[in-house]
Amino acid sequence: MKNNWPIWEVFIRSKNGLSHKHVGSLHAADAEMAIENARDVYTRRTEGVSLWVVESKNITASAPTDADALFEPAANKIYRHPTFYNLPDEVKHM
Amino acid sequence: MPVEGSNKTDNQDFMKIFDARIERDEKVEPKDWMPDAYRKTLIRQISQHAHSEVIGMQPEGNWILRAPSLRRKVALLAKVQDEAGHGLYLYSAAETLGIERDELYQQLLDGKAKYSSIFNYPTLTWADMGAVGWLVDGAAIMNQVMLTRTSYGPYARAMVRICKEESFHQRQGYEILLHLVKGSEAQKDMAQDALNRWWWPSLMMFGPTDSESTHSEQSMAWKIKRKSNDELRQAFVDATVPQAEVLGLTIPDPDLKWNEERGHYDFGPIDWDEFWQVVKGDGPCNRERMAHYTKAYEEGAWVREAAMAYAEKKQKRREAAKSDLQVA
């Protein structure tokens, strides 16, 4: 009998001050069980202080084929970077 | 992404992009286009690897209740729990390729998917816990360190986590043997006996010799594998011989000797008949391992179903409470 529990993506905050980072996925019947399983599967060696679980079907991802359209335009906007602007040597630390 | 009915020219373009990405040593990620054969090879290899971790719990689980001290017991428990975790990281990586977990389990249950043959050998004495950690995990580490650089992103990331955890496994096994060889004559004999039985099967873990290995060449081209079976086997022998010397144990191979010219140890011929016999299902424990796995799977079915039913019931109650609130 087919009885797949839904897939959840797991995110861990390794310590306060850092954001949660994706570490992998697991199966669980509900969110509470997903947290419990994530604790056992992904934090056996003090990897984190906080967990997020998100059911995978709720994540919308950009398509790899759109990558150029989405991200390529940023490549030639060098004026968005501080090094684009020339300052005299006398001005230090800006 | 190419979909069904997309024309051949499109696929050729995607193939070029894919090849160039592999050439640049850039990782392939789940939603990227990849050739069907690359996807299939990865599903086969990653799931086989996951099944090995899961079945691999059995020979060691065999000794948890008989560990000689609390220190040994907590270490062995932690190690076996890690193997379960490693299986789960790997199933998770395999699922990113578009296969469902149930299907992966079913392939193992049906005997369509294999697991590492090493786990079809029995763990007869406590010294086997030492030999398994030292040799079996040692051989696995050789392979897994290489796989941290594999071309498929999720597989590489799972391997990084696994390698971090695996080195404790090898050290705890080696420490077991270190203690036995310093013990009574009978304990030293037990350690030697374990090495005698596990040495050759450990060398077989790297798979058939390069000229006989069916998948190797393509896997190397796709950078799924970075080193050949024979290269890895040689690296394992070179690393392990000095460790056996520290233990004062003798590796059961009369042909084993240092080759100055090659800068490697030469070793005797592997019994490939035995290898194929175990792969094909006639090793000492194949039937026992699968019977145990199948029993656990079947006996756990009601738990999986009940958990899902309970989750659905809770969900319905939450929704009902919400609509009651709206009515009020």
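**Salt bridges and the A–B interface**

Mentor: Let's begin in chain B, where R289(B) and E288(B) form a salt bridge through their side chains, with N and O 3.8 Å apart. Keep in mind that this is a predicted model.

Trainee: Got it. Is R289(B) buried or exposed?
Mentor: R289(B) counts as buried, because its relative accessibility is 4% and the cut-off for buried is under 20%.

Trainee: And E288(B), buried or exposed?
Mentor: E288(B) is exposed, with a relative accessible area of 51%.

Trainee: Which residues are joined into one network by salt bridges that share partners?
Mentor: That network holds R44(A), R45(A), D82(B) and E165(B).

Trainee: How far apart are N and O in the salt bridge of D82(B) and R45(A)?
Mentor: They are 2.5 Å apart, with the side chains of D82(B) and R45(A) meeting there. E165(B) pairs with R44(A) in another salt bridge, and there the closest N and O atoms are 2.8 Å apart.

Trainee: Where do E165(B) and R44(A) lie?
Mentor: E165(B) is in helix α7 of chain B, residues 153-181, while R44(A) sits in the loop between α1 and β3 of chain A, so this pair joins two chains. E165(B) counts as buried, at 3% relative accessibility.

Trainee: What about E60(B), which residue does it form a salt bridge with?
Mentor: Its partner is K79(B), and the closest N and O atoms of the two are 2.8 Å apart. E60(B) is buried at 2% relative accessible area, and K79(B) is buried at 0%.

Trainee: How many salt bridges are there over all chains?
Mentor: Searching the whole structure gives 28. Across the interface of chain A and chain B, the rule finds 6.

Trainee: Let's stay with that interface. How many residues of each chain are in contact?
Mentor: 25 residues of chain A contact 25 residues of chain B. Between the two chains there are also 11 residue pairs in polar contact, counting residues at pLDDT 80 or more. On chain A's side, β2 and α1 are the elements that give two or more residues. Of these, α1(A) gives the most, with 5 residues.

Trainee: What area is buried between chain A and chain B?
Mentor: About 2,000 Å², and carbon and sulfur atoms give 49% of that. The size of an interface is often given this way, as the accessible area lost when the parts come together.

Trainee: Can we look at H27(A)? Where does it lie?
Mentor: H27(A) is in strand β2 of chain A. It is buried, with a relative accessible area of 11%. A polar atom of the H27(A) side chain lies 2.6 Å from the backbone oxygen of W5(A).

Trainee: Leaving aside neighbours within four places in sequence, what is H27(A) in contact with?
Mentor: Its contacts include W5(A), W8(A) and N37(A) in chain A, and E95(B) and R101(B) in chain B.

Trainee: One last topic, the surface. Which residues form a nonpolar patch there?
Mentor: I78(A), Y79(A), F84(A) and Y85(A) do, with about 430 Å² of accessible area together. F84(A) lies in the segment after α2 of chain A and is partly exposed, with a relative accessible area of 40%.

Key
Residues numbered from 1 in each chain as written. Chains lettered and ligands numbered in written order. Predicted model: local features only at pLDDT ≥ 70, side-chain atom pairs only at ≥ 80, totals over all residues. Heavy atoms only, no water. Patch = residues over 30% accessible without salt bridge, like charges linked within 9 Å, V, L, I, M, F, W, Y side chains within 5 Å. Areas by Shrake-Rupley, 256 points an atom, 1.4 Å probe, with all protein chains shown as cover. Salt bridge = Lys/Arg side-chain N within 4 Å of Asp/Glu carboxyl O. Helix = DSSP H or I, 4+ residues; strand = E, 2+ residues; numbered from the N terminus. Buried < 20%, exposed > 50% of the residue type's maximum accessible area, 1.4 Å probe, protein only. Contact = heavy atoms within 4.5 Å. Buried area = accessible area lost by both parts, 1.4 Å probe. Polar contact = N/O pair within 3.5 Å; in protein donor to acceptor, adjacent residues only side chain to side chain.
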